Structure formats: structure tokens, C-alpha cells
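Subject: Handing over a structure, with notes

Dear colleague,

I am passing a structure on to you, and I would be glad if you kept it open while you read. My notes follow below it.

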Amino acid sequence: MNYSFRKKNKIVKYIVIHYTGMKNLKLAYKKLSANSSNVSVHYLISRDGIIFNLLCPKYKAWHAGQSKWKRNTNINDHSIGIELENKGHEFGYTSFTSMQYSSLNKLIKFLKKDFYILDKNILFHSDVAPNRKKDPGEKFLLKQIKINRFKNNKKSKENYNIEDMLYIYGFHKTYINRHKKYCIMAVKRSMNYLKITPSISKIFLKDFYNLLFH
Ligand SMILES: [Zn+2]
């Protein structure tokens, strides 16, 4: 099992949701708990809703890799990782099960209380590493876990351009400057678009605005 000690000045404030992206649960479990894999995670939720606690959240797991969010870099320092069993885009991406959502709900409720985690800090891997990651992807339904990340957003001006909106969503400035297309695709995944392209249509801009301010 790979892990590091958390530094005292790095508080846990995020939850990062992933999918395993592997052919089956056994392979995912093996990889996430092996020393040789260079990855690890705190929780794994199988398709039938079983929650495996692989690492105590007081330790740092290696799930997010190179990552940034708002002004934070190295999101592993600040986060708890949850993997949902799903073959992913590479091996046959499927809908998540109701048992997975139900267990995820319970787990998030418990972690939010224990670590004082706010709704706005429940993130996707594709948010914190949009240039590299697609998970949990467009089939993950945020409304199933009753989280509204943007409920406290306030409008500060009349017109926002796409860069403003990506910044309000939470992307790190580096990603907006260098990987704008991937940021747009990450937003579309989070809004459960069926077709994930970097195009910016009027409908998308309206949807994105409504996501941020409603
Ligand atoms: Zn991931």
C-alpha cells in the first residue's frame, strides 16, 4: 500500500471522486493496494455498493497525481480519494449503479462531518487534472449525491466570458491558459453532456452560466 504522511499545514478539505478504469474489481483492488503500482486511494466502492476502506484518511493517498485546483497544487496533500468501480472509457464505460450512489452518499456524509468538507470542495479527478483525466466522467450524476457545488456563487458582473467562467468553476489558472479545451470538456462531463467536444456553443455557454449561478 502506498501512502505518505500528511504535513501538518496541509489540511484535508477536498474529496476527489474517480472511477477505477479497470476491467474488474479484483484488478482494481490489487492495483490500488499494491506497493509496486505507485497509486493508492482511501476508499473503493464496488458496483454492488460495498465500501472498501484501503487507507485511513489521516494519511495521504496517491490518487490525483499531478493536479491543481483553485490556488492549490498537489491535490493529494489536501484530499481524500474515492474510487468507483467502472471499466471506464478505455474498457467499456457504463452507468454507475444505484448501490454505488447510495454508498457514496453515506460515505460523503460521514467524511463531510468528520473533516468539515464543504459541498463546493467535492471534486472530480477531471476537474483537478483536466488535461490528463476523464474520470468519473459524463455518466456520473452529481445530483444523485445531492451536491450543489455552486450554490453560494454570487454574480459580480453582468457579462462573463468563457475564461471567467472556467475560473469561477474552479480551474487553476495554468489549466485555463494552457488547456482551455480540456477544461471545457471537463465541464461538459460534469454536466453529463452526451457528446464531449471542446466547442463553445451558445447553448453550452448558457448551460455553464446556469450551472455556476443557479
Ligand atoms: Zn482518477
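Is the crossing of α5 and α8 left-handed or right-handed? Before I come to that, please keep in mind that this is a predicted model.

The two helices in question are α5, which runs over residues 162-169, and α8, which runs over residues 202-213. Two packed helices are described by the angle between their axes and the distance between the axes. Here the angle is about 35°, and the axes lie 11 Å apart; the crossing itself is left-handed. If you look for the side chains at this meeting point, you will find M165, I168 and Y169 on the α5 side, and F208, Y209 and L212 on the α8 side.

Just after α5 comes G170, which takes a positive phi of about 130°. Although L205 and N161 are 44 residues apart in sequence, their C-alpha atoms are 8.9 Å apart in space.

Now to the whole chain. The protein has 8 helices and 9 strands. Its radius of gyration is 17 Å, close to the 17 Å that the globule rule gives for 214 residues, so the protein is as compact as a globular protein of that length. Taken along the principal axes, the C-alpha atoms fill a box of roughly 50 × 40 × 30 Å. Of the 214 residues, 35% count as buried. Among the contacts with a separation of 6 or more, 69% are between residues 24 or more positions apart.

The buried residues of α3 are Q100, S103, L104 and I108. They cover an arc of only 135° around the axis, which puts them on the same side of α3. On the other side of the helix, S98, K109, F110 and K113 are exposed. What covers the buried residues of α3 includes several strands, namely β2 (14-19), β3 (43-45), β4 (51-53), β8 (79-84) and β9 (122-124). Just after α3, Y116 takes a positive phi of about 55°.

H42 lies in the loop between α1 (25-33) and β3, and H42 is buried, with 26 other C-beta atoms within 10 Å. Not counting residues up to four places away in sequence, H42 touches N53, L54, L55, P57, A61, I80, G81 and I82. K31, by contrast, sits in helix α1 and is partly exposed, with 17 other C-beta atoms within 10 Å. Leaving aside its neighbours within four places in sequence, K31 is in contact with M22, S37 and V39.

Finally, some details of the backbone. Most residues other than glycine have a negative phi, and most peptide bonds are trans. Against that background, N38 has a positive phi of about 65° although it is not a glycine; N38 is found in the loop between α1 and β3, and with 10 C-beta neighbours inside 10 Å it counts as exposed. K146, which is not a glycine either, has a positive phi of about 50°, lies in the loop between α4 and α5, and is exposed, with 11 other C-beta atoms within 10 Å. That loop between α4 (125-128) and α5 also holds P136, and a cis peptide bond, with omega about 0°, joins D135 and P136.

Technical notes. Residues numbered from 1 in each chain as written. Predicted model: local features only at pLDDT ≥ 70, side-chain atom pairs only at ≥ 80, totals over all residues. Buried ≥ 20, exposed ≤ 12 C-beta atoms within 10 Å, placed from the backbone. Helix = DSSP H or I, 4+ residues; strand = E, 2+ residues; numbered from the N terminus. Arc of directions from axis to C-beta. Contact = placed C-beta atoms within 7 Å. Rg over C-alpha atoms; globule rule 2.2 N^0.38 Å. Axes fitted to C-alpha atoms, helices over the stretch in contact; angles between N-to-C directions. Left-handed = near helix turned anticlockwise from the far one by under 90°.
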